[in-house]
Amino acid sequence: MFKVFVALAALVAVTAAVDDYYAYPSYKFEYGVKNPHTGDHKSQWEHRDGDVVKGAYTLHEADGTERVVEYSSDKHNGFQAHVKRVGQAHHPEVYGHQGGYGGSYDHGYGHSYSKLHKYN
């Protein structure tokens, strides 16, 4: 009796999975992050209706510019992405470490993590 119940449960699970496989794909989502402490700024949205997908995302790059990517996909054109860079890049005057953990390190030299101070 238990074997029949397990077989029936497995058949129902497979049938449910097959029905889900053929469901019409349609969704919309969006999200955004603006963290002033870390400087993490990004957003994304996407819409899908059947085999047609459209969306875009933006993010702030480390050099101060903003990357904007707009994309679409369908069975006739495939995946198409258009990437734009907005703003002027700003780079620091001095490269390398200034101070840091355990003293001044010059750029390009490796140092052990054992010199880091431990905080509890």
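Is Glu-61 buried, partly exposed or exposed, and at what relative accessibility? Glu-61 counts as partly exposed, at 24% relative accessibility. Buried means under 20% relative accessible area, exposed means over 50%, and partly exposed is in between, with a 1.4 Å probe and protein chains only.

A word on the source. This is a predicted model, where local features need pLDDT of at least 70, side-chain atom pairs count only at pLDDT 80 or more, and totals for chains, interfaces and linings use all residues. Residues are numbered from 1 along each chain as its sequence is written, and side-chain values use heavy atoms, with hydrogens and water left out.

Now the salt bridges. A salt bridge is a side-chain nitrogen of Lys or Arg within 4 Å of a carboxyl oxygen of Asp or Glu. Side chains of opposite charge can pair when their charged atoms come close. How many salt bridges does a search of the whole structure find? It finds four. I'll take some of them in turn.

Glu-61 has Arg-67 as a partner, at 2.6 Å, N to O. Arg-67 is partly exposed, at 29%.

Next, Lys-42 and Asp-40. Their side chains meet in a salt bridge of 3.6 Å, N to O. Lys-42 is partly exposed, with a relative accessible area of 34%. Asp-40 is partly exposed too, at 30%.

Then comes Asp-63 with Arg-85, in a salt bridge of 2.6 Å, N to O. Asp-63 lies in the loop between strand 3 and strand 4, and Arg-85 lies in strand 5 (residues 78-86), so the pair ties together parts that are 22 residues apart in sequence. Strands are DSSP runs of E, at least two residues, numbered from the N terminus. Arg-85 is exposed, at 57%.

Stay with Asp-63. Strand 3 covers 52-60 and strand 4 covers 66-74. The Asp-63 side chain also makes a polar contact with the side chain of Thr-65, at 2.7 Å. A polar contact is a pair of N or O atoms within 3.5 Å; within protein, one must be able to donate a hydrogen and the other to accept it, and residues adjacent in sequence count only if both atoms are side-chain atoms. Leaving out residues up to four places away in sequence, Asp-63 touches Arg-85, Gln-88, Ala-89, His-90 and His-91. Contact here means heavy atoms within 4.5 Å.

Next is Glu-46, in strand 2 (residues 40-49). Which side chain of opposite charge is nearest to Glu-46? That is Arg-48, 7.1 Å away. Lys and Arg count as positive, Asp and Glu as negative; His and the chain ends are not counted. Glu-46 is buried, yet has no salt bridge. What Glu-46 does have is a polar contact of 2.4 Å with Tyr-27, side chain to side chain. Beyond its neighbours within four places in sequence, Glu-46 is in contact with residues including Phe-29, Val-53 and Tyr-71.

Last stop, Lys-84 in strand 5. Lys-84 is partly exposed, at 44%. Not counting residues up to four places away in sequence, Lys-84 touches Glu-66, Arg-67, Val-68 and Glu-70. Arg-67 is the residue that meets Glu-61 in a salt bridge, which brings us back to the opening question.

How values were computed. Helix = DSSP H or I, 4+ residues; strand = E, 2+ residues; numbered from the N terminus.
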